[in-house]
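Dear colleague,

Please find below the structure that I promised to hand over, followed by my notes on it.

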Amino acid sequence: MEVEVAAKRIGVFGGTFDPIHIGHLVVAEEARVAFGLERVVFVPAHISPHKLDVAVASGEDRCEMVRLAVRDNPAFTVSRVELDRAGPSFTVDTLRSLHAEYGAETQLYFVMGADSLLAFKTWHKPKEILRLTRLIVVSRPSYALDLEALDRELPGIAAATDLIDSISLDISATDLRARVRQGRPIRYQVPCAVAQYITEHQLYAGDKA
Ligand code: ATP
Ligand code: MG
């Protein structure tokens, strides 16, 4: 008798995480529960192709902050796959690596906010990405989505995408960096251990605007 084995479902959450914040964690948890993901792998970008001039904390600092942020959730893990790969961090390469790591039968779900989906067609090899993963897209304040319009520009994207509603948290890493620079609070917008890490390592305080 043939026994059907359900494919393992793994979430992949890429980002600069400069720094990781509560908005990211809420998105990952919503996606995990909505799709029964066995785990969500957070992948801090080495050099994000989308932000070649923006990352202001080192890869090691950003990775450590992600590790601190996810350590109390057994389903959340961090991958160094992009940090350990030279050059710009292309999602398509990351998905290929993760497929090799988890096995071809694993269904990957790439998790992103609405702003990322709007820019998706400009990513490196977007059609190849859609062959490797489904997309879980979470609403984000100020970013309206029109999947039909996106599908006209990149046929297939609508069928590969699941939209989920999450609570709206208008938190961004850009705003958090500005807050630190200006001496305004970030407490409660990032996990406690991340706020401590930023203070101890004097991150962002001397950023240029
Ligand atoms: P920055 O302001 O530096 O761009 P960010 O807050 O957008 O930082 P990223 O590391 O760029 O954080 O985001 C990683 C992923 O998380 C992206 O897909 C982004 O859309 C999503 N994301 C970040 N913040 C939120 C939020 N508050 N709500 C929903 N999605 C979010
Ligand atoms: Mg962003």
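Is C63 buried or exposed? C63 is buried, because its relative accessible area is 9%, where buried means under 20% relative accessible area, exposed over 50% and partly exposed in between, computed with a 1.4 Å probe on protein chains only.

Before the rest, the conventions: this is a predicted model, in which local features need pLDDT of at least 70 and side-chain atom pairs count only at pLDDT 80 or more, while totals for chains, interfaces and linings use all residues. Residues are numbered from 1 along each chain as its sequence is written, chains are lettered from A and ligands numbered from 1 in the order in which they are written, and side-chain values use heavy atoms, with hydrogens and water left out.

**Cysteines**

The structure holds 0 disulfides, a disulfide being a pair of cysteine sulfur atoms within 2.5 Å. The sulfur of C63 has its closest cysteine sulfur in C192, at 20 Å, which is too far for a bond.

Helices (H or I, at least four residues) and strands (E, at least two) are DSSP runs, numbered from the N terminus, and two strands pair if DSSP finds at least two bridges between them. On that basis there is an open sheet of 6 strands in the order 3-2-1-4-5-6, with parallel pairing. Its edge strands, each pairing on one side only, are strand 3 (76-78) and strand 6 (161-164), and the twist from one strand to the next averages 25 degrees.

Strand 1 (residues 9-15) is joined to strand 4 by 5 bridges, the two running parallel, and V12 has F110 in strand 4 as its bridge partner. Strand 1 also pairs with strand 2 in the parallel sense, over 6 bridges, and there I10 stands opposite R39. Strand 4 pairs in turn with strand 5, again parallel and over 5 bridges, with G113 opposite V138.

Helix 3 (residues 91-102) lies across strand 1, strand 2 and strand 4, and runs at about 145 degrees to strand 4; here axes are lines fitted to C-alpha atoms, for helices over the stretch in contact, and angles run from 0 to 180 degrees between N-to-C directions.

**Nonpolar cores**

A nonpolar core is a set of buried Ala, Val, Leu, Ile, Met, Phe, Trp, Tyr and Cys residues joined through side-chain atoms within 4.5 Å. The largest has 35 residues, of which F13, I20, F42, M65, I136 and I198 touch the most other members. Among the elements that each supply at least two residues of this core are helix 1 (22-35), helix 2 (59-70), helix 7 (173-182) and helix 8 (192-200). A second, separate core of 25 residues includes I10, V41, V43 and L130.

Leaving aside its neighbours within four places in sequence, F13 is in contact (heavy atoms within 4.5 Å) with H24, V27, A28, V40, V41, F42, V43, V111 and M112. In helix 8 the residues A193, V194, A195, Y197 and I198 are buried, and what covers the buried residues of this helix includes helix 2 and helix 7. Just after helix 8, Q202 takes a positive phi of about 50 degrees.

**Aromatic pairs**

Rings of Phe, Tyr and Trp (its six-membered ring) pair if their centres lie within 6.5 Å, and planes under 30 degrees apart count as stacked, over 60 as edge-to-face and the rest as tilted. The structure holds 7 aromatic pairs. In one of them, F17 and F42 are tilted, at 5.9 Å centre to centre and 45 degrees between the planes; this pair links distant parts of the chain, since F17 is in the loop between strand 1 and helix 1 and F42 is in strand 2, 25 residues apart. Both are buried, F17 with a relative accessible area of 2% and F42 at 0%. The rings of F120 and W123 have their centres 5.1 Å apart and their planes at 45 degrees, so this pair is tilted as well. Ring pairs also link F13, F17, F42 and F76 into a cluster.

With kind regards
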